[in-house]
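Here are a few friendly notes to read alongside the model. Keep the structure open and look up each residue as you go.

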Amino acid sequence: MENQENETKQILTSVKILVPFDDDQRSLSALDYAAMLALVMKGDIMVMHVADAQDYTDSVQAKDFSTTLVRDKLRPKLALIQKRYPSIRKIDLRIVGSKAQLHEHIITFAKENRINMIVMRHHKLPDISDFELHFLNTTAYNVVLNAPCPVFTFANTVPKSVMKNILLPLDLSDGSLYKIPQAVLLARHFSATLHLLSATEDKGKEVALREQLDTTADELSAKGLRVKSSGVHKGTLLSAIERYTQVQEMDLIVIMSFPGFRWSDLWVSPKAKQLISRSKTPMLSIRAEETIEVDL
């Protein structure tokens with residue numbers, strides 16, 4: 001865990017935060033959220049707008065719309081952010097023409113510009129079955145699965161300007177531990193409390209999960225962090241997260257996302273997709289480097 005934390009610290013010495021922007025109030029909220037992160041992490045913000053030529057009758061109309069969007073909405077918002085957060089070093093604006101799907105533009109841009117974090121809103125999906133959700137991939141979900149860096153997402157709820165409580169779900173997979181260093185650094189930046197929880201439907205795993213929770217809580221407390229462990233819940237990890245966030249107000253949930261194909265995708269919708277599409281709490285998704293089978 002210590003080596004992973006050191007690597008994450010090195011990344012955050014020069015943070016570049018990307019905000020995909022369109023004509024949407026939640027895009028403005030994403031800018032505020034990115035500004036808050038950039039302030040505490042001493043980072044820069046890059047704003048990316050994709051102009052889809054297919055939405056316009058000709059290239060002149062597309063150019064006029066982009067010019068109006070930038071002049072009337074984006075630049076005034078950037079000016080307010082830089083006035084409110086004068087210590088933010090830089091905000092860059094890039095407009096790219098649409099030649100691929102939106103999530104492909106975002107992922108390519110993030111790779112080419114060595115982005116460290118992406119902040120984006122997603123459209124909250126209607127209540128649909130897991131079977132229907134299995135076949136529905138949103139832009140935010142595709143970015144989460146394939147981005148080269150952690151991705152903050154939020155739906156209808158506007159993120160707060162501070163983080164006081166961060167939820168860190170854990171299971172017994174190796175991948176579950178990948179997210180701890182990032183959660184630790186955010187907790188330190190914001191002086192937040194880390195809430196640990198586990199869950200299982202298999203009684204045979206309860207002892208191992210409890211030992212993992214206790215060990216992790218002790219290690220994090222020894223680092224001077226505030227930690228609250230809610231123990232091992234009965235049921236799935238997804239249901240435990242949903243129940244916990246109903247009774248405890250969380251400012252962020254940290255989860256793992258896994259690229260590529262998993263056998264479980266054949267018969268169950270990935271749990272990360274369920275959380276991202278349904279959670280009222282902002283999410284931080286950290287991408288694993290390889291495909292593995294995990295609970296979350």
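**Notes on the fold**

1. Let's start inside. The largest nonpolar core has 48 residues, and L31, L37, V119, F152, M163, I166 and L252 are those with the most contacts inside it. Helix α2, residues 25–41, supplies the largest share of this core, with 10 residues. A second, separate core of 32 residues includes F109, A110, I118 and A199.

2. Please keep in mind that this is a predicted model. Its mean pLDDT is 76, and 67% of the residues in the chain reach 70 or more. Two stretches deserve a careful eye. Over residues 6–12 the pLDDT stays under 50, and the model has 11 contacts beyond four places in sequence for them. Residues 261–268 are also below 50, with 14 contacts in the model beyond near neighbours in sequence.

3. Now for the chain as a whole. There are 10 helices and 10 strands. Of the 296 residues, 52% are buried. If you take the contacts between residues at least 6 apart in sequence, 81% of them join residues at least 24 apart.

4. Next, find strand β1, residues 16–20. Four of its five residues are buried, so the strand is mostly covered. Strand β4, residues 117–121, pairs with β1 in the parallel sense over two bridges. To see this pairing on screen, look for L18, which stands opposite I118 in β4.

5. Which residues is V119 in contact with, leaving aside its neighbours within four places in sequence? They are I17, L18, V19, P20, A30, Y33, A34, L37 and F152.

6. Helix α6, residues 139–146, is mostly covered, with six of its eight residues buried.

7. Finally, look at how α6 packs with helix α4, residues 102–112. Two packed helices are described by the angle between their axes and the distance between the axes. Here the angle is about 35° and the axes are 9 Å apart. The crossing of α4 and α6 is right-handed. On the α4 side, L102, H103, I106, I107 and K111 take part, and they meet T139, N142, V143 and N146 in α6.

Conventions. Residues numbered from 1 in each chain as written. Predicted model: local features only at pLDDT ≥ 70, side-chain atom pairs only at ≥ 80, totals over all residues. Heavy atoms only, no water. pLDDT = per-residue confidence, 0-100. Contact = heavy atoms within 4.5 Å. Buried < 20%, exposed > 50% of the residue type's maximum accessible area, 1.4 Å probe, protein only. Pairing = 2+ DSSP bridges. Core = buried A, V, L, I, M, F, W, Y, C linked by side-chain atoms within 4.5 Å. Axes fitted to C-alpha atoms, helices over the stretch in contact; angles between N-to-C directions. Left-handed = near helix turned anticlockwise from the far one by under 90°.
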